[in-house]
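This briefing is for a reader new to the structure shown below. It begins with a single residue and then turns to other topics.

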Amino acid sequence: MKTLVVGVGGMTNGGKSTLSKSLHQQIPNSCLIAQDSYFKDDSVVPVDSNGFKQYDSEDTFTVCSSHRDLFGAAG
């Protein structure tokens with residue numbers, strides 16, 4: 001069986017998780033891997049000059065773990 005990997009991207013609060021969950025429910029034998037599961041502890045997330053956490057920074061999530069799970073799911 002062929003493996004299809006679908007990536008969903010977009011702005012913060014743009015509906016990525018909602019779309020992904022809907023696709024997961026509609027596609028048999030699908031697997032949902034959410035980037036939100038790979039964010040580092042909140043205490044290490046960078047803060048901008050206004051005091052807002054910068055979750056869009058590449059330093060906020062564990063890339064190795066997400067790649068391991070993504071490639072593991074893809075077979």
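Asn29 sits in the loop between α1 and α2, the latter covering residues 63–74. The model is a predicted one.

**Asn29**
- Asn29 counts as exposed because its relative accessibility, 75%, is over the 50% cut-off.
- The phi of Asn29 is near 60°, a positive value in a residue other than glycine.
- Most residues other than glycine have a negative phi.

- Ser20 belongs to helix α1, which spans residues 16–26.
- With a relative accessible area of 17%, Ser20 falls under the 20% limit and is therefore buried.
- Apart from neighbours within four places in sequence, Ser20 is in contact with Val8 and Leu32.

- Val8 is found in the segment before α1.
- The relative accessibility of Val8 is 31%, so Val8 counts as partly exposed, a class that lies between the 20% and 50% cut-offs.
- Val8 also takes part in a nonpolar patch on the surface, together with Leu4, Val6 and Leu19.
- Together these four residues have about 380 Å² of accessible area.

**The chain as a whole**
- The chain has 75 residues, of which 8% count as buried; Ser20 is one of the buried residues.
- Of the contacts between residues at least 6 apart in sequence, 27% join residues at least 24 apart.

Conventions
Residues numbered from 1 in each chain as written. Predicted model: local features only at pLDDT ≥ 70, side-chain atom pairs only at ≥ 80, totals over all residues. Heavy atoms only, no water. Helix = DSSP H or I, 4+ residues; strand = E, 2+ residues; numbered from the N terminus. Buried < 20%, exposed > 50% of the residue type's maximum accessible area, 1.4 Å probe, protein only. Contact = heavy atoms within 4.5 Å. Patch = residues over 30% accessible without salt bridge, like charges linked within 9 Å, V, L, I, M, F, W, Y side chains within 5 Å. Areas by Shrake-Rupley, 256 points an atom, 1.4 Å probe, with all protein chains shown as cover. Salt bridge = Lys/Arg side-chain N within 4 Å of Asp/Glu carboxyl O.
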